[in-house]
Amino acid sequence: MLNRYLQFSKSLNIDYLVKLVICLVLLAFVAPYKIDIQGETPITLQTLIILFSAIGFGWRIGIPAVIIYIVAGISGAPVFAGYSSGPDALFGPYGGFIFGFLAAAVVCGYLAEQDAFNRPLTAILNWLFGHTIIILLGAIWLMKLDPQWKSRINDMLPGALIKSAAGALIIQIIVKFMQNKKQRSSMIGSDLSQK
């Protein structure tokens, strides 16, 4: 969705790399942030940044960014929730969510490249669909390992709704800003050509 408005270089390879690096920096430094709520499952920014990468830049950037993120986390880089890492995160009770990250990047990244999903309402639905994929795969995994899985999933739902709305809003703000910037540039260019 943002690919239509953000171009960092005329070279497609350089533009791709810059966008991938932006996603990786967000995944490494913002996604692990965790908000602890007493007695409830913490809220993390992982799903917000993962879906932002896929929905904002499409599956061609979202999928590699999420794969690199997962591999880095498993290898010991502190990029998972609460700046944790290691293979235990993948095979522990929350491993299903990590598989959900990749599935959501594939599906939502693909949908974001379709014209029908570039309108505000369908963009919000894409975010909700992404969170649904992540939570569903996480729940399937978690129900086998944690007897309290239902309450943990219920605790995640308000955060998923808030992150879906926030993510869609952030992308719409960036799109509007870039559209206004493009309009101002074209108006300035036409004013200069008339002089």
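**Burial, salt bridges and helix spans**

Student: Why is Asp-146 called buried?

Tutor: Asp-146 has a relative accessibility of 12%. Buried means under 20% relative accessible area, exposed means over 50%, and partly exposed lies in between, with a 1.4 Å probe and protein chains only. Asp-146 therefore counts as buried. This is a predicted model, in which local features need pLDDT of at least 70 and side-chain atom pairs count only at pLDDT 80 or more, while totals for chains, interfaces and linings use all residues. Residues are numbered from 1 along each chain as its sequence is written, and side-chain values use heavy atoms, with hydrogens and water left out.

Student: What makes the pair of Arg-152 and Asp-146 a salt bridge?

Tutor: The closest N and O atoms of Arg-152 and Asp-146 are 2.5 Å apart. A salt bridge needs a side-chain nitrogen of Lys or Arg within 4 Å of a carboxyl oxygen of Asp or Glu, so the pair qualifies. Arg-152 is partly exposed, with a relative accessible area of 28%.

Student: How many salt bridges does a search of the whole structure find?

Tutor: The search finds 3. One of them joins the side chains of Glu-113 and Arg-60, with an N to O distance of 2.7 Å. This pair links distant parts of the chain: Glu-113 is in the loop between H5 and helix H6 (120-145), and Arg-60 is in helix H3, 53 residues apart. Glu-113 has a relative accessible area of 27% and Arg-60 has 47%, so both are called partly exposed.

Student: What separates Asp-15 and Lys-19 in helix H1?

Tutor: Asp-15 and Lys-19 are 4 residues apart in helix H1, so about one helical turn separates them. Their side chains meet in a salt bridge at 2.9 Å, N to O. Asp-15 is buried at 8% relative accessible area, and Lys-19 is buried at 2%.

Student: How do you know that the span of H3 is close to the expected one?

Tutor: Helices here are DSSP runs of H or I with at least four residues, strands are runs of E with at least two, and both are numbered from the N terminus. The expected span is 1.5 Å times one less than the number of residues. H3 (residues 59-75) has 17 residues and reaches 23 Å from first C-alpha to last, close to the expected 24 Å. H2, with 12 residues, reaches 16 Å, close to the 16 Å expected.

Student: What makes H2 mostly covered?

Tutor: In H2, 12 of its 12 residues are buried. Among them are Gln-46, Leu-48, Phe-52 and Phe-57. Just after H2, Gly-58 takes a positive phi of about 85°.

Student: Which residues of H3 are buried, and which helices are included in what covers them?

Tutor: The buried residues include Ile-61, Ile-63, Val-66, Tyr-69 and Gly-73. Their cover includes helix H1 (12-29), helix H2 (46-57) and helix H5 (95-112). Just after H3, Gly-76 takes a positive phi of about 120°.

Student: Why is Phe-80 called buried?

Tutor: Phe-80 is called buried because its relative accessible area is 3%. Phe-80 lies in the loop between H3 and helix H4 (87-91). Contact means heavy atoms within 4.5 Å. Leaving aside neighbours within four places in sequence, Phe-80 is in contact with residues including Pro-32, Gln-46, Tyr-69, Ile-70, Gly-73, Ala-89 and Ile-98. Gln-46 is 34 residues away from Phe-80 along the chain, and their C-alpha atoms are separated by 7.6 Å.
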